[in-house]
Amino acid sequence: MTFGASFSRRRLLGGILSGAGAAALASRPLHAQDATGHAEPCTAAITGAVTPLATPRKLTIAWNENSVCTAAVPVAKEKGFFARHNIEVDYVNFGGATDQLLEALATGKADGAPGMALRWLKPLQQGFDVKLVAGLHAGCMYLMTAQDSAIRSLTDLKGKTVGVTDMGGPDRNFFSIRLKEVGVDPETDVSWRAFPPDLLPLALKRGEVQAISDADPVSWIQKKLFNLRDIDSNMTGTWAHTACCVIGLRGSLVRDEPDVARAVTRAIMDAGAWLACNPDEAGAIFQSFAPKVPAKDLAAMIRIQGHHHQTLSGSFRDEIVRYAEALKEIGVFRPSLDTTRYAARVTQDLFAS
């Protein structure tokens with residue numbers, strides 16, 4: 001995920017998480033377990049070998065250092081996945097607007113970045129020279145309320161107000177999609193109010209809103225600190241098996257240096273599969289970016305995210321079509337949009353035989 005309100009989120013992460021505990025579960029060296037309890041192999045979705053580059057290649061990856069759900073990026077460097085492909089990576093910590101990030105990729109200021117599909121798909125309509133090449137992992141977004149609230153399901157939100165951090169954010173869009181799926185109109189049946197992330201629980205307590213939504217790591221922290229419970233998330237139902245975070249590469253890299261594009265994608269995907277089965281070590285690696293957060297808490301966040309789910313090629317394109325169709329249903333995309341054509345334009349299959 002990417003954070004627009006970086007100061008508030010950084011303060012929430014650094015200032016109060018140290019007092020929130022989480023039960024750490026054992027790492028799984030051979031399989032990870034998904035949210036439904038099924039064992040998943042700890043291997044990347046990519047089949048076949050990717051030949052290491054003949055000469056070292058330097059690349060720049062843009063990401064948000066507050067974003068524990070993209071821990072595969074630092075893991076890929078720390079555990080040697082980039083080096084295995086003869087890639088040297090510099091990081092750019094980027095917490096700005098999505099349009100600015102996509103422009104940085106399109107103009108060569110960065111070569112690649114992870115990001116949330118529901119944050120990227122609308123801006124990509126503007127024609128940025130960026131290609132989505134893989135689904136990195138499934139869910140990390142939650143819709144929450146107080147433990148003693150009478151709201152137990154999405155349908156109970158009819159006539160209620162939901163607090164969000166961004167009126168155009170991915171969680172707002174996702175839970176609008178979910179409300180539409182259960183027959184609640186997200187525009188006429190539900191009200192939405194924006195707050196800084198650290199004020200969302202206070203707005204809930206004061207009764208200004210009846211539910212709040214955000215993404216990890218903030219949602220995880222809020223649940224622990226304010227004794228909240230989930231109403232819904234993108235780790236339930238079929239959405240638990242749909243990529244939430246994607247990998248984007250600058251278009252010129254994909255066209256002019258496909259071997260490099262394949263290598264960097266393989267390295268990140270391998271790192272994502274590795275951390276799904278090694279959340280404790282992955283949490284320790286990520287802690288250098290969140291030094292005030294206990295590594296066991298970072299590991300707990302990684303465990304509940306969908307790092308077992310990766311997609312490529314046709315499966316990934318199908319997921320983008322699904323998102324685009326859902327965004328049409330809630331008015332983000334125009335009804336006439338050809339979603340199959342759109343998905344074909346913004347994605348690239350790097351590993352087609």
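**Notebook: strands, helices and a few single residues**

I began with β5 and strand β12 (residues 245-250), which pair in the antiparallel sense over five bridges. Strands pair here if DSSP finds at least two bridges between them. Helices (H or I, at least four residues) and strands (E, at least two) are DSSP runs, numbered from the N terminus. Before going on, I noted that this is a predicted model, where local features need pLDDT of at least 70, side-chain atom pairs count only at pLDDT 80 or more, and totals for chains, interfaces and linings use all residues. Residues are numbered from 1 along each chain as its sequence is written, and side-chain values use heavy atoms, with hydrogens and water left out.

**Still on β5**

I found G112 opposite L249 in β12. How many residues of β5 are buried? I got five of five for this strand, residues 112-116. Buried means under 20% relative accessible area, exposed over 50%, and partly exposed in between (1.4 Å probe, protein chains only). Both faces are covered: G112, P114 and M116 lie on one side, A113 and G115 on the other.

**The five-stranded sheet**

Next I looked up an open sheet with mixed pairing, in the order β9-β8-β10-β7-β11. Its edge strands, β9 (191-194) and β11 (228-233), each pair on one side only. The twist from one strand to the next averages 30°. Inside the sheet, β8 (residues 161-164) and β10 (residues 211-215) run parallel and are joined by two bridges. I saw G163 standing opposite I212 in β10.

Helix α6 (residues 170-181) lies across β7 (141-146), β8, β9, β10 and β11, and runs at about 75° to β7. For such angles, axes are lines fitted to C-alpha atoms, for helices over the stretch in contact, and the angles run from 0 to 180 degrees between N-to-C directions.

I also picked out S191, which sits in strand β9. S191 is partly exposed, at 40% relative accessibility. Contact means heavy atoms within 4.5 Å. Setting aside neighbours within four places in sequence, I have S191 in contact with K160, T161 and V162. From S191 to V209 I count 18 residues in sequence and 8.9 Å in space, C-alpha to C-alpha.

**Helix α14**

Which residues of α14 (residues 339-346) are buried? I listed T339, Y342, A343 and V346. They cover an arc of only 95° around the axis, so they are on the same side of α14. The arc is that of the directions from the helix axis to the C-beta atoms. On the other side of α14, T340 and R341 are exposed. The buried residues pack against β6 (130-137) and α13 (313-329). At the start of α14, I found a side-chain oxygen of D338 within 3.2 Å of the backbone nitrogen of T340.

**Cysteines and one arginine**

I looked for disulfides, meaning pairs of cysteine sulfur atoms within 2.5 Å, and the structure holds zero.

Last, I checked R303 in helix α12 (residues 295-304). R303 is buried, with a relative accessible area of 18%. Its side chain makes a polar contact with the side chain of D280 (3.0 Å). A polar contact is a pair of N or O atoms within 3.5 Å; within protein, one must be able to donate a hydrogen and the other to accept it, and residues adjacent in sequence count only if both atoms are side-chain atoms.
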